[in-house]
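Please keep the viewer open as you read.

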Amino acid sequence: MNRVIRSGAIALTTAVATYGYTVVDANPAEAYHFFSANCRWDHTTVTVANLAYSQAGYGAGWDSMMTAWNNTVAEVEFKAVGSGDKDQADFKVVADYYGNIGWYGNADKSNVCTNGHYPNGVQHITAQVNRSLTDGRPNNNNNAVLTHELGHTIGLAHMNVLENPYVIMYDGIGYDYRGIWLPQTDDIDGALVRYF
Ligand SMILES: [Zn+2]
């Protein structure tokens with residue numbers, strides 16, 4: 001290999017270009033982002049009202065993806081509360097038909113906080129999935145959306161396609177599924193930095 005590189009300028013250029021590409025691909029420039037207000041909870045067991053059980057499999061999907069976050073980020077725990085406690089939950093998850101309006105899921109007000117903290121127990125944030133666009137797709141395409149929106153609810157913001165499309169916080173994950181539906185290393189690192 002060294003002998004090839006030393007044999008001429010063209011070989012050297014090729015080798016450098018290939019090496020550079022490999023490094024960029026394996027280690028995308030920056031990991032995770034937070035909302036500009038640095039929103040987070042002031043506690044690490046975050047209570048959730050799951051209002052999607054009447055929406056086909058979406059209620060179970062939200063529960064499963066909460067468990068996925070709980071299993072990968074020990075410092076934060078989503079805790080679904082029973083019906084008697086739903087009104088006091090920190091945020092709520094829903095599923096409904098919102099029409100062909102450009103988003104597969106969103107986490108309304110997850111970028112809105114005061115002095116860096118979300119208000120506790122008032123369902124300030126609503127994480128929602130848009131069945132108008134997600135019904136009929138394979139489960140994991142939609143699980144990716146649910147996991148992504150849950151990431152927003154703990155303060156994670158987007159990564160764009162140039163930064164890294166192979167993270168759950170990739171902004172195009174609704175329409176540009178990349179074969180991942182669980183939190184990835186960069187997503188987990190972001191949550192750990194925010195809550196550890
Ligand atoms: Zn998003």
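The expected span is 1.5 Å times one less than the number of residues, while helices (H or I, at least four residues) and strands (E, at least two) are DSSP runs, numbered from the N terminus. This is a predicted model: local features need pLDDT of at least 70, side-chain atom pairs count only at pLDDT 80 or more, and totals for chains, interfaces and linings use all residues. Residues are numbered from 1 along each chain as its sequence is written.

**The buried side of H3**

- Tyr58, Gly61, Trp62, Met65, Met66 and Trp69 are buried in H3; buried means 20 or more other C-beta atoms within 10 Å of a residue's own, with C-beta atoms placed from the backbone.
- They cover an arc of only 135° around the axis, which puts them on the same side of H3; the arc is that of the directions from the helix axis to the C-beta atoms.
- An α-helix has 3.6 residues a turn, so residues three or four places apart point the same way.
- The buried residues of H3 pack against strands E2 (45-50), E3 (77-80), E4 (91-96) and E6 (125-130), and against helix H5 (139-153).

**The nonpolar core**

- The largest nonpolar core has 42 residues, and Val48, Trp62, Met66, Trp69, Leu150 and Met169 touch the most other members; such a core is a set of buried Ala, Val, Leu, Ile, Met, Phe, Trp, Tyr and Cys residues joined through C-beta atoms within 7 Å.
- The largest share of this core, 5 residues, comes from H3.

**Leu150 and helix H5**

- Leu150 is found in helix H5 and is buried, with 27 other C-beta atoms within 10 Å.
- Leaving out residues up to four places away in sequence, Leu150 touches Met65, Met66, Trp69, Phe78 and Ala127; contact means C-beta atoms, placed from the backbone, within 7 Å.
- Val93 is 57 residues from Leu150 in sequence, and their C-alpha atoms are 8.8 Å apart.
- In H5, 12 of the 15 residues are buried, so this helix is largely enclosed by the rest of the structure.
- After H5 comes Gly155, whose phi is positive, near 105°.

**Strands E2 and E3**

- E2 and E3 pair in the parallel sense over 4 bridges; pairing requires at least two DSSP bridges between two strands.
- Thr45 stands opposite Glu77 in E3.

Technical notes: Two residues are in contact if their C-beta atoms, placed from the backbone, lie within 7 Å.
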